[in-house]
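Here is a short report on how one protein chain is put together. Keep the structure open beside the text as you read.

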Amino acid sequence: MKIKFCGAAKIVTGSCYLLTIGSTQALVDCGMFQGRKEITKLNYEPFQFDPKKIKYVFLTHAHIDHSGLIPKLKKYGFNGKIFTTPATADLCKIMLEDSAHIQEIDTERENRRRNRKGESPREPIYTQDDVKAVLPQFRKVHYDKTYKIDENIKVRYRDAGHILGSAIIELYISEKNKTKKYVFSGDLGQWDAPIIKDPTLIKTADYVFIESTYGDRLHEKIGSRDQLLKKYVQKTFKKNGKLIIPSFAIERTQELLYAFNKLIKSGELPNEKIYLDSPLAIKATEIFKKHSELFDQETMNKYRNPFSFKNLVYTPTAQDSMKLNASKEKSIIIAGSGMCTGGRIRHHFKHGIWDKKNTVLFVGYQAEGTLGRRILEGEKNIRMMGQEVVVRANIEKINSFSAHADYKELIKWAEGFENKPKKIFIMHGEERAAISLKDKLEKKGFNCYIPELNENIKI
Ligand SMILES: [Zn+2]
Ligand SMILES: [Zn+2]
């Protein structure tokens, strides 16, 4: 088999690996590049392969850095099948529709700018029509079942414990009468995270492809996050302020709701209102409710429905959201986008970040160059929505809400193999994190390699 690392090599985003098995071409993931301009511009470049020749896409999970270029694949002629879990297929629908909407708006804005400068306009990477066209190509596969894809390929998806529906992919590939097993970790979750199950330990593999997002870091203990949440709520309510939380629509939002539900049930928090002010997060929460079979035992036992409780108010419409902006009541507002690059969170900032009564609480990774990162790093005057806004609200952060395993957990997962794989390829991490994980794994006796972007390897 030949593999080409078309993304997420020495960077975190753009997860996409081209597999060539005899005359068959397949992809593991087809993700979008995110973050700095030099990286996002790769989304506009032609694929490193001919989309018409791709027969299968094996998709690990619904995050846009893994699934976000599937509609572009369709736009350029892909007619194959996309294999993924039912929850990922459901989440992809709303994530890709949202992504297309963002492409369309961004392109409009960019083209206004280009027009003014006399430059030629740009096409969006893809549109809603491309999303609509590709959705019928999704095929649902269940965890722990082996599927025969064709004469040479078998596949099994295992729970990766990262977000709802996320999978580790085991590929059994036969060439010249020999079968080898390739394991793609996808993104791995933390052990003991609420709602979803723990990552599955895989016992055998010839070759492993492991993520390394936090290859050089350790998280705070998960147990402390509820207490930190409680502390920031109390501090803000004492000043009669609002607690404004920028949050990612999938997993993070549901973990927050779960934590608030728990704190309210145990009487640790007062009965103030909690608003979920993000249409995408509201839709994602509906998908969580639909797939409650994927919840872990604790969630099943204690909460039949962890995302419905008395104080929780969903505000899907723009009118509801605007009412919140005008309101003076002390409350908790969860809104997207997670890195404040768009969405309703900006309206909440405009109406509240200048007021020292309020708190902005970050619960997720803020990439370089994003508004979230600038606020977190202490910028006191921000420019957004065409206005200068002063930052006087209290700015706080909780680190333990990550959906990714830290390096101890990545090593734990690697040590789950009963016999050492022939090689572990280290992917999906900044170079520093990948090198750090490589050093640690090599100390444990693993043979590791960090591929370059667009490198081609025969294994
Ligand atoms: Zn992910
Ligand atoms: Zn990822």
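## Strands, a core and a helix

Strand β10 pairs with strand β11 (residues 207–211) in the parallel sense, over three bridges. Tyr182 stands opposite Tyr207 in β11. Keep in mind that this is a predicted model.

Ile173 stands opposite Lys180 in β10. The hairpin of β9 and β10 has two residues between the strands, and Lys176 takes a positive phi near 50° there.

Strands β3 and β4 make another pair. They run parallel. The bridge partner of Val28 in β4 is Phe58.

| Pair | Direction | Bridges |
|---|---|---|
| β10 and β11 (207–211) | parallel | three |
| β3 (24–28) and β4 (54–58) | parallel | four |

Now look at a whole sheet. Seven strands form an open sheet in the order β6-β5-β4-β3-β2-β1-β22, with mixed pairing. Its edge strands are β6 (138–140) and β22 (456–458), and each pairs on one side only. Neighbouring strands of this sheet are turned by 25° against each other on average, direction ignored.

Phe58 returns in the core. The largest nonpolar core has 130 residues, and Phe58 and Leu91 touch the most other members. Helix α4 (residues 86–116) gives the most to this core, with eight residues. Leaving out residues up to four places away in sequence, Phe58 touches Ala26, Val28, Phe83, Val155, Ile169 and Leu171.

Finally, take helix α7. Why should its end C-alpha atoms be 20 Å apart? The helix has 14 residues (252–265), and at 1.5 Å a residue it should span 20 Å; the distance in the model is 20 Å, which agrees. α7 is mostly covered, with 10 of its 14 residues buried. Among them are Arg252, Leu256, Tyr258 and Phe260. The buried residues of α7 pack against helices α6 (224–238) and α8 (279–290), and against strands β12 (242–246), β13 (274–276), β14 (312–314) and β15 (331–335). Just after α7, Gly267 takes a positive phi of about 75°.

Notes:
Residues are numbered from 1 along each chain as its sequence is written. Chains are lettered from A and ligands numbered from 1 in the order in which they are written. This is a predicted model: local features need pLDDT of at least 70, side-chain atom pairs count only at pLDDT 80 or more; totals for chains, interfaces and linings use all residues. The expected span of a helix is 1.5 Å times one less than its number of residues. A residue is buried if 20 or more other C-beta atoms lie within 10 Å of its own, exposed if 12 or fewer, and partly exposed in between; C-beta atoms are placed from the backbone. Two residues are in contact if their C-beta atoms, placed from the backbone, lie within 7 Å. Two strands pair if DSSP finds at least two bridges between them. Axes are lines fitted to C-alpha atoms, for helices over the stretch in contact, and angles run from 0 to 180 degrees between N-to-C directions. A nonpolar core is a set of buried Ala, Val, Leu, Ile, Met, Phe, Trp, Tyr and Cys residues joined through C-beta atoms within 7 Å.
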